[in-house]
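Reader: I am new to this structure and would like to talk it through. Could we begin with the sheet?

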Amino acid sequence: MTSVTPYSIAVPDEKLQQLRHKLEYSTFPDELEASGWDMGVPLLEIKRLIAVWREQFDWRAQEQKLNEQLPQVNVRVGVKGFGELNIHAVHHRSGNSKAIPLLFIHGWPGSFLEATKIIPLLTKNNGDGPVFDVVAPSLPNFGFSEGRGFGLAQYAEALHKVMVTLGYEEYGKHYLAVLQGGDWGSMIARTMSQYYPQSTQAIHLNFMPVIPPYPWRSPYQFLKSLLSVPFSAKDRGYIARTMGYITRGNGYLRQQETRPQTLGYGLHDSPVGLLAWIYDKMHTWSDKYPWTDEEILTWVSVYYFSTAGPMASTRIYYEASAPKSSGNAAVSEDGAQEDLLERTELNYMSMEQVLGAWAPQNVRFAVAQFREEIVMWPMAWYRSIGNVVQETEYDHGGHFAAWEVPELLASDIKRFLGNNGPAYGVVADKDGY
């Protein structure tokens, strides 16, 4: 099989018919009066969206628009210990032979769709900085990529091999690319910095979970943080927001981290359940972004029609947790029994390890923090990840920055890599700007 082939989204008719049937026979729970969004998505809002999905929304029109707007490919790569799998990716070349390769890595509940608004801003030469070639894959288990059950190191390996297979490695040398990540994209980008530091010398992040500088984990960072005490009112607000997320806002994470299969039956079988589960985060995690019905339903439809099924994406939370008991067994695709611990220890790196890791000094980081991000810390704490050379705070925007405020995110990336930027010349020939 050719490693790279053109790709067009084409959901089978039977899947569309199945969705219509399920929407037609949807049933709904009751709701306490005047609960608003306090207990989740309001009943009237869900009923309205289901009616629009059933009677007005045209997936074929969205499918055609995406295929016309986005050049897409299928990239076949092998992941050690897990065989070969097909990775769907948007691959938008700028036409500039010296453009900077940029790997856009989404998270949950996002998808390759998040890149669609920043691609025109990054791939055109508007005289406002460098030009990029953008690669925006569907992560394994997401969108139109195949699924596997593996850890963060394997996600990193798969995306690394996507870039190599697309031709960003020349004459056996390491390619150089900018990584851009939010949500799980941030964690995968940081994992790639550990395993492929020669290829990932510039990383731009708009979501930065870090372990606070507890004195028993990082005494030097803790002593440095003492110098800034008392925290500013802004820093105290960041910490309060994060603690609110930890205590009240991350129930979805605990479920997906511990029992994704149980949750998965509802997400797979019920479009109402899937819509509510994802739209709750789209609404709550954004900064008063005016989501249109078309945006919401296209976003959720990508999950419903995903190659690996709508629950597969939730397993990344489980896969990135600590290795499971060696007494468990897994069944491979050919039916052979395999030891689960052996599989997960293949180049394994857990989320806790990523959070506590210091990236090689040659890797330069830019951090952009938007006002309504779900996890926010004082900027000084982010320096614990490695060589952070650009720090920016924005007074608007939320968790889905590439979708909510694409101009701000694109300009921050360009400032990072552009003339006089802190990563200028690191990734591409200066003459390419």
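Reader: What is the bridge partner of Ala202 in E10?
Author: The bridge partner of Ala202 in strand E10 is Arg364. Strand E7 (residues 202–205) and strand E10 (residues 364–372) pair in the parallel sense, over four bridges. Two strands pair if DSSP finds at least two bridges between them. Helices (H or I, at least four residues) and strands (E, at least two) are DSSP runs, numbered from the N terminus.

Reader: Before we go on, where do these values come from?
Author: This is a predicted model, in which local features need pLDDT of at least 70 and side-chain atom pairs count only at pLDDT 80 or more, while totals for chains, interfaces and linings use all residues. Residues are numbered from 1 along each chain as its sequence is written, and side-chain values use heavy atoms, with hydrogens and water left out.

Reader: In what order do the strands of the open sheet run?
Author: The order of the nine strands is E1-E2-E3-E5-E4-E6-E7-E10-E11, and the pairing is mixed. Strand E1 (4–6) and strand E11 (387–398) stand at the edges with a single partner strand each, so one side of each has no neighbour in the sheet. From one strand to the next, the twist averages 25°.

Reader: Which strands does helix H17 touch?
Author: Helix H17 (residues 406–417) packs on the sheet and touches strand E4 (100–105), strand E5 (132–137), strand E6 (178–181), E7, E10 and E11. The direction of H17 makes about 165° with that of E11. Here, axes are lines fitted to C-alpha atoms, for helices over the stretch in contact, and angles run from 0 to 180 degrees between N-to-C directions.

Reader: Now to another helix. Which residues of H10 are buried?
Author: In helix H10 (residues 260–269), the buried residues are Pro260, Leu263, Gly264 and Leu267. Seen down the axis of H10, they fall within an arc of 110°, so they line one face of the helix. The arc is that of the directions from the helix axis to the C-beta atoms. On the other side of H10, Thr262 and Tyr265 are exposed. Buried means under 20% relative accessible area, exposed over 50%, and partly exposed in between (1.4 Å probe, protein chains only).

Reader: And what covers the buried residues of H10?
Author: The cover includes helix H9 (251–258), helix H11 (271–284) and helix H13 (315–319). Contact means heavy atoms within 4.5 Å.

Reader: Changing topic, how many aromatic pairs are there?
Author: The structure holds 24 aromatic pairs. Rings of Phe, Tyr and Trp (its six-membered ring) pair if their centres lie within 6.5 Å; planes under 30 degrees apart count as stacked, over 60 as edge-to-face and the rest as tilted. One of the pairs is Tyr195 with Tyr196, which is tilted, at 6.4 Å centre to centre and 50° between the planes. Tyr196 is buried, with a relative accessible area of 16%, whereas Tyr195 is partly exposed at 29%.

Reader: Why is the pair of Trp291 and Phe400 edge-to-face?
Author: The ring centres of Trp291 and Phe400 are 6.0 Å apart and the planes stand at 80°, so the pair is edge-to-face. Trp291 lies in the loop between H11 and helix H12 (293–304), and Phe400 in the loop between E11 and helix H16 (401–404), so the pair ties together parts that are 109 residues apart in sequence. Trp291 is buried at 12% relative accessibility, and Phe400 is buried at 1%.
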